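Subject: Structure handover

Hello,

Here is the structure for you to look over. My notes come after it.

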Amino acid sequence: MRRISPLILLFLCQYSHVFAYGVEGHRIVGKVADFRLKSAHAKENVRSLLLEVHAESLGDIANWADEVKYQRVPKPDDDSETIAFINEHPKADTGPWHYVDLPPGTKRYDPSTLPTFVRSNDIVHILQHCIYRLQGKTEPDFPISEVNALRMLVHLAGDIHQPFHVASGFIDESQRDPAMWIVTDPVRATKLHDDAGGNRLILPSKKNIHMVFDVDLVRSAVGKFTDRDTAIKLSKIRVKNTGHMLGEPETWPAQWAVDTLTEGRKVYKSIRITSKRSETERPSRWNIVELPTPEKFEQANIIMTSRQLAKAGARLAAVLDTIWPD
Ligand SMILES: [Zn+2]
């Protein structure tokens, strides 16, 4: 979930079923990591950090980062670590921590060549801060306790594997044919406005495509199974690049983002803008269709969503195993 105003959030929370499956995806990623942790040292450290916030599993803490996203004032039932987090970041809008808007044609996450798109508070940078904290390093510019770094890491490891949390289409309306309006090339995208990670692209079902990937496709991937059974199944999947990455753990989030971009490119190739919804609406939104057919689009992306949940959980476990090896 991203870029939702506090008012709309309040509205969504009243209809918790609308919101619940976004929660489900994160919980599954946490549970997959619970099953895949190998290092006894990592298991012990995770267990003792979880105890600080009365949690038992990574799945239990996977949604904390969304819960505190718009919170400025502690609530009566907040744990002491949540209160500490809100006090440490009193003015921070932590919504932008959950994503980065990269043109889908981007091949590397390189702040020096992508200054327009990369932010010091984007999802890759925040994940790096969390990994540093769990390695025992403290950064004066980014105060966070160990357990809060773990809660943020578990959540953002999920978000960074959702294609629309990393890829964003850039819109060039100067072309006559709306089918040509989505720009994926980073050089061309530099001067264009983006679609807010698909939040401004509306499917024939009237849903925005970002939400479909956050919620609907996760629900379809889980189907009639429980979250636990789904996590057990996904924890056994072996896909390329699942688990350990190259180099030091703090460099892994950038590699995760680049890998997710390959999925983002496929998704952007399989949608077309058909029209602008309104000439007066600000910010603009656009109508899109799925290619080659809605059914095939859905089928392909249910499979992709399952694979991304599996990868996210496996990579989360691998980073924790690497921070605290046996
Ligand atoms: Zn999030």
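Below is what I found, taken one region at a time. Please keep in mind that this is a predicted model.

Helix 7 and its partner

Start with helix 7, residues 123-134. It has 12 residues. From first C-alpha to last it reaches 17 Å, close to the 16 Å expected at 1.5 Å a residue. Gly136 follows helix 7, and its phi is positive, near 95°.

How much of helix 7 is covered? Most of it: 9 of its 12 residues are buried. The buried set is Ile123, Val124, Ile126, Leu127, His129, Cys130, Ile131, Arg133 and Leu134. The cover over these residues includes helix 8, helix 12 (252-269) and helix 13 (294-323).

Helix 8 spans residues 146-159. Two packed helices are described by the angle between their axes and the distance between the axes. For helix 7 and helix 8, the angle is about 140° and the axes are 9 Å apart. Their crossing is left-handed.

Which residues of helix 7 meet helix 8? They are Ile123, Ile126, Leu127, Cys130, Ile131, Arg133 and Leu134. Helix 8 contributes Glu146, Ala149, Leu150, Met152, Leu153, Leu156 and Asp159. By class, this contact has 11 nonpolar residues, 3 charged ones and no polar ones.

Strand 6 covers residues 286-290. It pairs with strand 4 in the parallel sense, over 2 bridges. Within strand 6, Trp286 stands opposite Leu201.

Ser39

One loop residue is also on my list. Ser39 lies between helix 2 (16-36) and helix 3 (40-52). A buried residue would need 20 or more.

What does Ser39 touch, beyond its neighbours within four places in sequence? Its contacts there are Asp321, Trp324, Pro325 and Asp326. As for His210, it is 171 residues from Ser39 along the chain, and their C-alpha atoms are separated by 35 Å.

Best regards

Note on methods:
Residues are numbered from 1 along each chain as its sequence is written. This is a predicted model: local features need pLDDT of at least 70, side-chain atom pairs count only at pLDDT 80 or more; totals for chains, interfaces and linings use all residues. Axes are lines fitted to C-alpha atoms, for helices over the stretch in contact, and angles run from 0 to 180 degrees between N-to-C directions. Helices (H or I, at least four residues) and strands (E, at least two) are DSSP runs, numbered from the N terminus. A crossing is left-handed if the near helix is turned anticlockwise from the far one by less than a right angle, and right-handed if clockwise. Two residues are in contact if their C-beta atoms, placed from the backbone, lie within 7 Å. Ala, Val, Leu, Ile, Met, Phe, Trp, Tyr, Cys and Pro count as nonpolar, Asp, Glu, Lys and Arg as charged, and the others, Gly among them, as polar. The expected span of a helix is 1.5 Å times one less than its number of residues. A residue is buried if 20 or more other C-beta atoms lie within 10 Å of its own, exposed if 12 or fewer, and partly exposed in between; C-beta atoms are placed from the backbone. Two strands pair if DSSP finds at least two bridges between them.
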